Amino acid sequence: MKKLFKSKSENFVVSSIIENDVIDRTSLSKVTGMSLPAISKIVRNLIDRGIVEEIGTSTSSGGRKPILLKFNSYYRFAIGIKIGLGYVYVIVTDFVGNVILRFAEHFDRTANPENTLMRLLEKSKERIKSSGIEIKKIIGIGVAISGSVDQEKGTLIFSSILGWENVEISKIFNKVMKVPVVVLNDVKSFTLAQVWKGAKKEYKNFLVVTIGTGIGLGIVTGRKLYVGNGNAGEFGHIVVNSDGEKCTCGRKGCLETEVSFGALVRKIKARDNFEIDKVISVSRENEGEETLLQILRITKEKNESLFKSSFENFKKFLGTALVDLVNIFNPPLIILGGEALEFGEYFIKDVSNYIHDNAFNAFGKNVEIAEDTLGEDAWSFGVIYLLIQQAFGKEPIIKEVMIKEKS
Ligand SMILES: [Zn+2]
């Protein structure tokens with residue numbers, strides 16, 4: 001990605017202004033350790049380019065009142081797009097992450113992914129334009145998608161939930177908008193959002209587990225995302241029940257076949273005494289995310305005791321798997337997220353107690369189990385954070401360990 005700032009010192013000055021919200025030149029010289037003439041020169045240049053603005057004077061007693069500087073957050077904008085099953089959720093933020101625009105678009109999930117994505121971005125571009133945001137001020141598009149991703153090429157390798165394979169997202173989007181495109185697995189984007197805007201962002205090391213249609217894991221170490229060889233965190237595909245249901249990955253009894261919306265609905269249907277199929281028509285083909293959620297909400301409302309009891313295995317398998325995670329990582333914090341939080345009262349307390357009682361040694365007692373507070377926005381926030389960090393020449397993903405493909 002093209003860097004927005006000319007030098008390391010300019011980068012540092014801009015970051016310091018953002019961090020302090022408003023600051024005068026003398027204080028800026030103190031916090032950066034740079035000389036006043038050097039600061040003045042850089043600031044003059046930043047003002048000329050519209051990056052920094054002078055916004056009046058401070059109320060200092062005696063002498064000349066220092067002029068206050070503020071970063072112009074409308075200098076640039078970033079787009080974050082979460083691609084879900086049959087919909088995209090788009091967020092546009094200014095350069096410090098304030099949400100300027102937020103909307104969803106729906107698509108036919110049986111249609112060709114290339115055409116679908118191109119049409120969706122064209123539509124989104126029009127909406128962004130008509131909101132008054134200048135397209136030329138957009139630093140890039142971040143894409144969060146379920147499945148394995150080649151971050152270097154900006155390609156989706158495979159998504160079992162979407163049923164898409166080898167989709168060159170970066171290339172497709174560049175046909176509509178000539179800006180840098182970053183593509184990241186959606187759980188990883190969700191995890192970076194916690195580092196950036198999460199209620200527990202003071203933690204340097206933590207894990208994020210998302211539960212919904214699938215199960216995902218994000219690993220944060222030193223405020224950076226650990227991705228291993230590119231796609232670490234396929235926690236949903238550890239086998240927890242070898243006699244279990246067949247998983248989309250081909251194996252049997254993966255965690256996400258036992259602990260997911262699909263698993264809950266299977267339990268409900270097996271014990272259903274109000275004949276849910278009459279309430280909502282469900283066929284194998286339309287058991288998408290929304291249908292499953294609808295079934296769960298209806299069951300909760302019409303037959304809460306059945307709903308509650310459908311969580312028995314869910315809690316057992318989730319608790320066991322999380323104890324394994326705690327034993328491996330000994331993390332200070334696990335953030336639970338995803339659509340299943342809507343039903344958090346039916347499992348989180350029991351699962352937390354299970355972890356506290358069953359993890360190795362005192363590991364369980366020292367781990368805090370927290371709930372995500374960002375909700376749907378988190379999926380798109382992470383990729384926006386990635387774009388903004390990269391504009392500053394920073395990399396929030398640990399890439400040193402990535403092994404290049406042998407040619
Ligand atoms: Zn699997």
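This is a predicted model: local features need pLDDT of at least 70, side-chain atom pairs count only at pLDDT 80 or more; totals for chains, interfaces and linings use all residues.
Me: What makes valine 383 buried or exposed?
Reply: Count the C-beta atoms around it. A residue is buried if 20 or more other C-beta atoms lie within 10 Å of its own, exposed if 12 or fewer, and partly exposed in between, with C-beta atoms placed from the backbone. Valine 383 has 31 C-beta neighbours inside 10 Å, so it counts as buried. This valine sits in helix H15.

Me: What does valine 383 touch?
Reply: Contact means that two C-beta atoms, placed from the backbone, lie within 7 Å. Leaving aside neighbours within four places in sequence, valine 383 is in contact with Gly80, Gly142, Val143, Ala144, Val182, Leu184 and Ser189.

Me: And what is lysine 3, buried or exposed?
Reply: Lysine 3 has 12 other C-beta atoms within 10 Å, so it is exposed. You'll find this lysine in the segment before helix H1 (8–20). Not counting residues up to four places away in sequence, lysine 3 touches Ala391 and Gly393. The C-alpha atoms of lysine 3 and phenylalanine 392 are separated by 6.5 Å, although the two residues are 389 apart along the chain.

Me: Why is strand S13 called largely enclosed?
Reply: Because 6 of the 7 residues of S13 (residues 215–221) are buried, the strand is largely enclosed by the rest of the structure. As for the names, helices (H or I, at least four residues) and strands (E, at least two) are DSSP runs, numbered from the N terminus.

Me: How do you know that S13 pairs with S12 and S14?
Reply: Two strands pair if DSSP finds at least two bridges between them. Strand S12 (residues 206–211) and S13 have 6 bridges in the antiparallel sense, and S13 and strand S14 (residues 224–226) have 3, also antiparallel. Isoleucine 211 stands opposite isoleucine 215 in S13, while valine 220 has leucine 225 in S14 as its bridge partner. S12 and S13 form a hairpin with 3 residues between them. S13 and S14 form a hairpin with 2 residues between them, and glycine 222 in that turn has a positive phi of about 60°.

Me: What makes S6 and S11 edge strands?
Reply: Start with their sheet: 5 strands form an open sheet in the order S6-S5-S4-S7-S11, with mixed pairing. Strand S6 (99–106) and strand S11 (181–185) each pair on one side only, and they are the edge strands. Inside the sheet, S4 (residues 77–84) and S5 (residues 87–94) run antiparallel and are joined by 8 bridges. Helix H15 (residues 377–391) packs on the sheet, touching S4, S5, strand S7 (138–145) and S11.

Me: Why is H4 called oblique to H5?
Reply: Axes are lines fitted to C-alpha atoms, for helices over the stretch in contact, and angles run from 0 to 180 degrees between N-to-C directions. H4 and helix H5 (residues 169–176) pack at an angle of about 40°, with their axes 9 Å apart. Angles under 35 degrees count as roughly parallel, over 145 as roughly antiparallel, 65 to 115 as roughly perpendicular and the rest as oblique, so H4 is oblique to H5.

Me: What classes of residue make up the contact of H4 with H5?
Reply: There are 7 nonpolar, no polar and 4 charged residues. Ala, Val, Leu, Ile, Met, Phe, Trp, Tyr, Cys and Pro count as nonpolar, Asp, Glu, Lys and Arg as charged, and the others, Gly among them, as polar. The residues that meet include Leu117 and Glu122 in H4, and Phe173 and Lys175 in H5.

Terms used
Residues are numbered from 1 along each chain as its sequence is written.
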